[in-house]
Amino acid sequence: MSLGPVVHAEGPVRVLLVDDDPETVADTVPALEACDRLEVSAVDDPVAALEAHAESPFDCIVTEFEFGGSTGFDALLRLRELPNPPPVILFTRLDSVDVVREAFDAGVADVVEKPPTEAQLAVLAYRISKAVAAARQSTELDELHAWVRVIADQSLVGLYVIRDGRIEFVNEYLSNLLGYDTDEVVGRPITDFIVEQDRAIVDESLKSREHGSVESMSYTVRVSDRTGGQTTLEITGQRTAVDGESVVVGTAMDVTARLESERLLRRSERLTRQIISSLPDMVFISEPTELDIVYINDQFESVWGRDVSLLYENPHSFLELVHVDDRDQLRRAIDEMFVDIRDGAVDEQYEFEFRFIPEGSETIRWANARAVPLLDENGDVTNILGVMSDLTERISHERELAQQNARLDAFARVLSHDIRGPLSVAQGRLELARELDDGSHLDYVERAHRRITDVVEDVLSLARDGRSVLDAEEVSLADAAATAWEMCSPNAGHVRCEVGELPVVEADESRATRLFENLFRNALQHGRSDRDDASTASDDSELVIRVGALPSHRGFFVEDNGPGIPASIRDHVFDSGFSTKDGDGNGLGLGIVRQIVDSHGWVIRVVDGRSGARFEVLFDPVGEAGATD
C-alpha cells in the first residue's frame, strides 16, 4: 500500500531550533519564520530543549551536533522514547561521513548541512515540512491501526485475513470460536480447523484460477475447536491485493444456533401443516386487509366439493355455494371485519354461521366459521386465521334432541293425565266390586285397563316412530292399509273401508301400517261418535273411509264422510297431546302419524274433503299435489 509523496505539512508547524551559535540563530530563525506555517523558537542547549518540549510540545526539533566542544546530540535523541515523538533534523557542518551515518543510525529524520545560506535555509524549511508531514501521517496511521484493532477485537463477527491458504490475521471473536489464542491460530493453514468433510469447499473457494480468481465467496462450513466440538460458520470473503500480493479478507459468523432454529422451524412448520391437513375442520389463512387466501387445507375440497386452486384464484368464489338467503349477510359480515381491522378496532374473534350447498350436491349443510386476527408484537394484524366447522350433524342431533324432548314432554303429559284418569276409575270400581260383591263393576275395570294399554302403546309408538327410516324396503301401501284395517275393523261396527289402487314405495312396512291404523282410528273416533249421537240412523249415516292414490302417484289420501275438521284447528291437529275429545282421547294418534311421515321424508296436510276429513300424504312436497279423487 503506497501513501504517495509528502511535500509539506498542513497547518502551523512549531519548530524548536537548538544551537549555541548566536549568529546561526540570528540568521536561521527569521529565514524559517518567513516561510508559511513555520513558527520558530530557539534555545542554546539540549537540556533546555527537553524542558521546552516538555512544557509545550514542538512539531520538529532542529539541532546542532556539538555543543561547547561536546556532543549534546544524544540528549535530544531521548525524545524518541516519548509517545508520538517529533522528528529531529540535524543541522550541522558535515566534516565527516561518520557523522551522517551516526545521525541516521540514531534515528534522526534528516540531515541538512550548514552554513545557513539562503539556499540551505530553503532546503531546511522544505525538509522540516516534509518530516512533520510524514510524522503526522505516521501518527494518524498508528491511531487508525489502533482503532481498527479495537473494532476488530470488539466485533460481534469473526474477521480474518488469509494469504496462500494460511491465516494472517484473526480477531478475538474468531479465535475464541476456534478455541485457541490468537497467536496459536495465526500462521496455520485454514484447513487445520475445518472438519474433513468440508475442507474441499474451502480449498475450492481459495484456489487461484488460471483465467482469474474468485473475487467474492460465501459458504457454510463446520469447524472443530480444541476440544473436538463443532461449530457451523457462515463464511464470506473477498479477494484483494495488499502490497501486490493476493489475500482473502472476510468475515465468519457462528450460525449453529440459527441453523438449528431454522431446522426446528421447518420441522414445526411441517408438523403444523400435517396437523392442519389432518383436521376435520377447514383451516385457512388470509391477508390482513382483505380476503386473500395465502393457505388453506384440503378439507375445503372434501367439504365444499371444489378444488382449492379456485379459492386461491378467487377467494370470494366460495360465496357462490352459500345458501342464497345467507349470502349477502355473510358477505357484509366479512367486509365489516376487514373494516374493523383497517380502522384499528379489531375484535379478538369474529364468528359467522351460515348454510351452504356443496358443489354437485342438493343437500343443505350448516357451517360455523371463526376468524381470529393474528397480531405481531406491536399489536398490528399480520394475518387472519380462519376455522370453518361443518355443523350439519350437530344441528341434526340438536333437532333430534329437541324432538325427543318434545316427545318426553308429551309422554309426561300423557302419563300424568291420560293414565291417571282410567287408573282412578279402575281403582274406584275395584273397591266397589269388593264392597258390594258386584261383578258388574269389573267391566269398568277391564275397560280402564284397556284404555291404559292403548295409551302405553301409543306412547311407545310415538317414541319409536320419531327416528329416521334407515332400512327402507319396497312396501305395498295397499297391503299396509288392508292390514291396518283388519286391526281396527273388529271394533268398527257399521263402518266401511274402501282401499283403492295405491303405489309401491320405499318405506318401513311396520310404520306404514301403523300410519294407516292411526288415521283409521282417528276417523272411527271422530266420525263414528258424531253419527252414534244422531237422533236417527239410516244407510246414509254409515261411516265410509276411503283410501286412494293422488294423481301421478305422488302421494295418497285417507278421507271419511264424517263431520270433517274445522279450518280453525287444522294447524294443531298434528300436535302431540292435542285432542277435541275431552276425556276420551290422548291427542297422540295424529302426532304419531306426522312423525311416521316425517321419518320417511314425506309431508302430510289436512284439506277439504268431499264431506268429511281428508288427509293427504305427499311423497314430493314440491309443486301441486294434484286434484283430489
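Tutor: A salt bridge is a side-chain nitrogen of Lys or Arg within 4 Å of a carboxyl oxygen of Asp or Glu. The structure above is a predicted model.

Student: How many salt bridges does a search of the whole structure find?

Tutor: The search applies the 4 Å limit between nitrogen and carboxyl oxygen. Over the whole structure, the number of salt bridges found is 22.

Student: Which residues form salt bridges with arginine 496?

Tutor: One partner of arginine 496 is glutamate 498, with the closest N and O atoms 3.0 Å apart. A second salt bridge of arginine 496 has its closest N and O atoms 2.8 Å apart. The partners are therefore glutamate 498 and glutamate 542.

Student: How many residues apart in sequence are the parts that arginine 496 and glutamate 542 tie together?

Tutor: Arginine 496 belongs to strand E17, residues 495-499. Glutamate 542 sits in the loop between H17 and strand E19. The pair therefore ties together parts whose separation in sequence is 46 residues.

Student: Is arginine 496 buried, partly exposed or exposed?

Tutor: Buried means under 20% relative accessible area, and exposed means over 50%. Arginine 496 has a relative accessible area of 36%.

Student: Where do glutamate 559 and arginine 614 lie?

Tutor: The side chains of these two residues, glutamate 559 and arginine 614, meet in a salt bridge of 2.9 Å, N to O. The pair ties together parts that are 55 residues apart in sequence, because glutamate 559 lies in strand E20 (residues 555-560) and arginine 614 in strand E22 (residues 613-618).

Student: Are glutamate 559 and arginine 614 buried or exposed?

Tutor: The limit for buried is under 20% relative accessible area. Glutamate 559 and arginine 614 both fall in that class: buried.

Student: Which residues are linked in a network of salt bridges?

Tutor: The pairs discussed above belong to this network, with Arg496, Glu498 and Glu542 among its members, as well as Glu559 and Arg614.

Student: Do E17 and E19 run parallel or antiparallel?

Tutor: Five bridges join E17 to E19. Across this pairing, cysteine 497 stands opposite isoleucine 545 in E19. The direction of the two strands is parallel.

Student: In what sense do E19 and E20 pair?

Tutor: E19 and E20 pair over five bridges. Valine 547 stands opposite valine 558 in E20. The sense of the E19 and E20 pairing is antiparallel.

Student: Which residue takes a positive phi in the hairpin of E19 and E20?

Tutor: This hairpin has five residues between the strands. The phi in question is near 65 degrees, and the residue that takes this value is serine 552.

Student: Why is E19 largely enclosed by the rest of the structure?

Tutor: A residue counts as buried when its relative accessible area is under 20%. E19 has seven residues, and it is largely enclosed because the number of them that are buried is six.

Student: Which residues gather in a patch of negative charge on the surface?

Tutor: One of them is glutamate 509, which is found in helix H17. Glutamate 509 counts as partly exposed because its relative accessibility is 46%. The patch as a whole is made of Asp471, Glu473, Glu474, Asp479, Glu506 and Glu509.

Note on methods
Residues numbered from 1 in each chain as written. Predicted model: local features only at pLDDT ≥ 70, side-chain atom pairs only at ≥ 80, totals over all residues. Heavy atoms only, no water. Patch = residues over 30% accessible without salt bridge, like charges linked within 9 Å, V, L, I, M, F, W, Y side chains within 5 Å. Areas by Shrake-Rupley, 256 points an atom, 1.4 Å probe, with all protein chains shown as cover. Lys, Arg positive; Asp, Glu negative; His and termini not counted. Charge placed at Lys NZ, Arg CZ, Asp CG, Glu CD. Helix = DSSP H or I, 4+ residues; strand = E, 2+ residues; numbered from the N terminus. Buried < 20%, exposed > 50% of the residue type's maximum accessible area, 1.4 Å probe, protein only. Pairing = 2+ DSSP bridges.
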